[in-house]
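I opened my notebook to look at how two chains meet.

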Amino acid sequence: MGTESMSAGAKVTAKDFRLYYGDFLALKGLNVDFPDKSITAIIGPSGCGKSTFLRSINRMNDLIEGVRVAGEIVYQGTNIYDPSVDLMWLRSRVGMVFQRPVAFPLSIYDNVACAPRVQGVRKRSELDEIVERSLRGVGLWDDVKDDLKKSALGLSLGNQQKLCIARAISTNPDVILLDEPASALDPIATLVLEDLMWKLREDYCLVIVTHNMQQAARASDYTVFMLGGEVVETGPTRQVFTNPRDPRTERYITGKLV
Amino acid sequence: MNRKEKFAEVVLTVVGLTSVAVLALIIFFIFREGAPFFAEVGLGSFIGGTKWSPGKGQFGVLPMIAGSFFVTLGALVIGVPLGLGCALYLSEFAPKRTAAILKPLIEILAGIPSVVFGFIGLTVIVPLIRDRLGGPGFSVLASALVLGIMILPTMVSISYDALRAVPQVYREGMLAVGANRWQAVTSVVLPAARSGILAAGILSMGRAVGETMAVIMVAGNATIIPGSVLDPVRTLTSNIALEMGYAAGLHRQALFATGVVLFVIIGALNIVARSFVRNRVR
């Protein structure tokens, strides 16, 4: 694998990744490894580009007019921005969970089943199995198994967010991107969500964007600190939080203005 | 200041009540004029009767009920898919600028007088049907085609609003699991906009049932229950408009009774439409 040997165990690697909104350079050449079976937190002040970076990993930024990219984001040995990459394949393998729970105004069952249906799964028995497996995977099955036909909008926000994670894992991804997944949740639902993330960590590469320093400190293995479209520092979370190499990181995590 | 405000309140209340009073008066007069007819002829032989010849004292309105039904159904079969498809294109697929130009153009359709639609139907559609498909040309099909186009503005703009009201995050949420835009539309956007689209269909139906002028010009207006889409047909509204000019006595009352039937149908449609719109707001 040559140069990739240094990033062994990395599920996703950004290589000199740049992103422009029109003429504005929003991401200024990022080099980051996201290791498998671990949680990487991306932290940084508002506008630093952390959500933009996260959304680049399953190409959700493609939807925005005027966005151009350069450099590479490598997943499974392929630059995901290569023209030959099938977006449906990419997004089924790299799932995404949004800031506010995106529970569709459909039944709980259909909120999960819509994802495998898009992949072409039609058989009822197969869909039933995927729905059950996905809901079990997020610890929601026992709560909702008798209410699968009911509207998902009746669930609490915390459970709606779990439902969205269930939808994300229903397509058998191995990377899950979470964009401030707890920002709409109360403290208890937040802790429940973090517990779930620790569980998912055994099977997936998780990347979470968060504003919440405590959350990054207690719920991640690695931390990436971004500032003004650049990566300032990356490393094991404990090291970044207790012994940061860059003074800007130290100022940010101690709550001072950068 | 306070007295001024009181004055404004009183004036506005009176103005508001006036429009309600007009509605009440319309209902009152239609029913007052129509009621004696029901007493004399009977509801059953009016609604169930298949012969309409006022000269012989035969007042069966069933052919017109059937006529309104078939013409409206035909208009919906043509206008609803076309209108919904158009709304889907404008809302989900068209570039923003295209939508900004096309939508007002479609709404202009609503401002064209119905007699113009009827005229185009008369000079283009009727001869086309006569030459290509046979029959007199004045037909259920001609009426349905004209009405199908006339309901487009209603269908398009209300469905469009319903589709636009679907939160953008629903679309993104589907795209994020690998759906293409069409899949996002069918699996989430359409179900989420369902009640608004249904309301659009029902309001379009109301428009089709009520339209008179354009239909008179292309329907042929024979008082028979049509056996095929190429047969001429007469609707409830046409029946009133065509004969009111010379009707007297029982005949005149029969036309008001036709109005009662029409009123009940449209009232029911409105109640159904409102309940859908209310569900959507919740």
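How many residues of chain B are in contact with chain A, and how many of chain A with chain B? I worked with a predicted model. I found 15 residues of chain B in contact with 22 residues of chain A.

**Entry: the chain B side.** I looked up which elements supply this side. I noted α8 (168-175) and α9 (181-210) of chain B, each giving at least two residues. The largest share comes from α8(B), with six residues. I then sorted the residues of chain B that touch chain A by type. I got 10 nonpolar, four polar and one charged.

Entry: I turned to helix α3 (residues 108-118) of chain A. It packs with α9(B) at an angle of about 155°, and their axes are 11 Å apart. The cut-off for roughly antiparallel is over 145 degrees, so I wrote down α3(A) as roughly antiparallel to α9(B). I noted their crossing as right-handed. From α3(A), the contact uses A:Cys114, A:Arg117 and A:Val118. From α9(B), I listed B:Gln183, B:Ser187 and B:Val188. By type, the residues of this contact are three nonpolar, two polar and one charged.

**Entry: a strand in chain A.** Which way do the residues of strand β6 (residues 94-97) of chain A point? I saw A:Val94 and A:Met96 pointing one way, and A:Gly95 and A:Val97 the other way. All of them are buried. I also checked the partner of β6(A). It pairs with strand β7 (residues 175-179) of chain A in the parallel sense, over four bridges. In this pairing I found A:Val94 opposite A:Val175 of β7(A).

Methods. Residues numbered from 1 in each chain as written. Chains lettered and ligands numbered in written order. Predicted model: local features only at pLDDT ≥ 70, side-chain atom pairs only at ≥ 80, totals over all residues. Contact = placed C-beta atoms within 7 Å. Nonpolar A, V, L, I, M, F, W, Y, C, P; charged D, E, K, R; others polar. Buried ≥ 20, exposed ≤ 12 C-beta atoms within 10 Å, placed from the backbone. Pairing = 2+ DSSP bridges. Axes fitted to C-alpha atoms, helices over the stretch in contact; angles between N-to-C directions. Parallel < 35°, antiparallel > 145°, perpendicular 65-115°, else oblique. Left-handed = near helix turned anticlockwise from the far one by under 90°.
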